[in-house]
Amino acid sequence: MLSVMIAKLLILTLFATKDGHHIYAETKLAAPQNVKVVSINMGAVVEWTSPHNSIRNMTYTVRYVPCDWGNVSSICVKTTELKCDAGVLPYAFGCYIFQVRAEKNGMFSEWAKAPKFIPHQHTIIGPPAVHLVIQNNSLEVTVRAPILKIGKLSTFFSQVTYTIKHRIEGIEDESIKKISTSSDEDVKQRIKGLHPWSRYCVQAKVDPKGLKEVGQYSTPVCVTNVPVLVSCGIAAVVLVPMAILAAWLIIKVYRFLYPKTKLPEHLKNLFVPSFWSAEATQHPPHQKEQHDKISTVSEDQQYEELCEKSQISEDEQSVSSCVLAPIEEMEEDYKLLMHMKPAPLFYPNQLYPLCLKNSLFTQSCCGGSSSTQASYYNVANSERVS
């Protein structure tokens, strides 16, 4: 019985262990593939391919471990890209192992490792900068070393070889020259005996001593050898019209700002800047200020003047003058008029017609003949006005 029970326990344990491994295996993701380190100018970029192309929202974590000793350093956490820039590494002469794993919803893969990376041995020196100048029928070539991510070339390499090659465009033959140096100064080369109207193209690369990788050539930089007289003629054709146009514009602007027509003094003062002193805008003491006289006339005075003018014109047009009756007769007529019903209203300081034809007061004027000369009577002042 005991042996049977032990056998059953062993069988149950075996099945449980087998199921556990199966469940654990299902929770694992496939690890990234083709992990490598691409290094240019002492930098480090980790690249890989994913076996989970059909799975969305997959993230990756990248870390590096020193080959011999040191702590683990994570450089990219939960990134969705298939590359990671490690930035500046602690030691240019160190050895590093980069690792990558996939992650999704709490599941993760095994760490996939890249080959050992030693910066000063595995890096690729990028192309240098090339500058060309044609002077005195010679081509001056200046090559400047590339800038590293963690320092200068002379800091990590005792000797650097510059390879410069040049050729004439359209011709396959090319000339190559190598210059070795131990400093970071620019490397220069002079190419003499240029052909007129020929186009020269130059490329260069840098190969440090002891580096396993070969340097990269720069993109071709080209320049055309144009004769000096032709260059001067082209410059004259371009610059002379531009100079004439500039002079014409200057004259136009000057005439607009300073026209020949003189403005009055009171208009000139409007254009005087506010920052000028007040003394410059004041008139000299001997100069009198010019102004117009303004007189005020009331409405009553205008009315009286108009009445006088109308009376003078009527006097000139009349054939004969009118002789008014005595004041006593006017007063009697006024009293009779006051007893009439309805009696008209008379107001003081008002003029009423006396000898006007078809008026209230009609009587013989000028010897019994009716006159059309207008006469007025002021009730308040008891005087006649003609």
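Let's start with Cys67, which is partly exposed at a relative accessible area of 22%. Partly exposed sits between buried, under 20%, and exposed, over 50%, using a 1.4 Å probe and protein chains only.

A word on the source. This is a predicted model, where local features need pLDDT of at least 70, side-chain atom pairs count only at pLDDT 80 or more, and totals for chains, interfaces and linings use all residues. Residues are numbered from 1 along each chain as its sequence is written, and side-chain values use heavy atoms, leaving out hydrogens and water.

Back to Cys67. Its disulfide partner is Cys95, S to S 1.9 Å. A disulfide here means a pair of cysteine sulfur atoms within 2.5 Å. Cys67 lies in the loop between strand 4 (59-66) and strand 5 (73-79), and Cys95 in the loop between strand 6 (83-85) and strand 7 (96-104), so the pair ties together parts 28 residues apart in sequence. Strands are DSSP runs of E, at least two residues, numbered from the N terminus. The S-S torsion is about -65°, so this disulfide is left-handed. Cys95 is partly exposed too, at 21%.

How many disulfides does a search of the whole structure find? It finds 3.

Next, Cys76 and Cys84 are joined, S to S 1.9 Å. Their link is right-handed, with 85° about the S-S bond. Cys76 is buried at 15%. Cys84 is buried at 1%.

Then Cys201 and Cys222, sulfur atoms 2.0 Å apart. Cys201 is in strand 15 (residues 199-208) and Cys222 in strand 16 (residues 221-224), 21 residues apart. Cys201 is buried at 6%, while Cys222 is partly exposed at 27%.

Technical notes:
Helix = DSSP H or I, 4+ residues; strand = E, 2+ residues; numbered from the N terminus.
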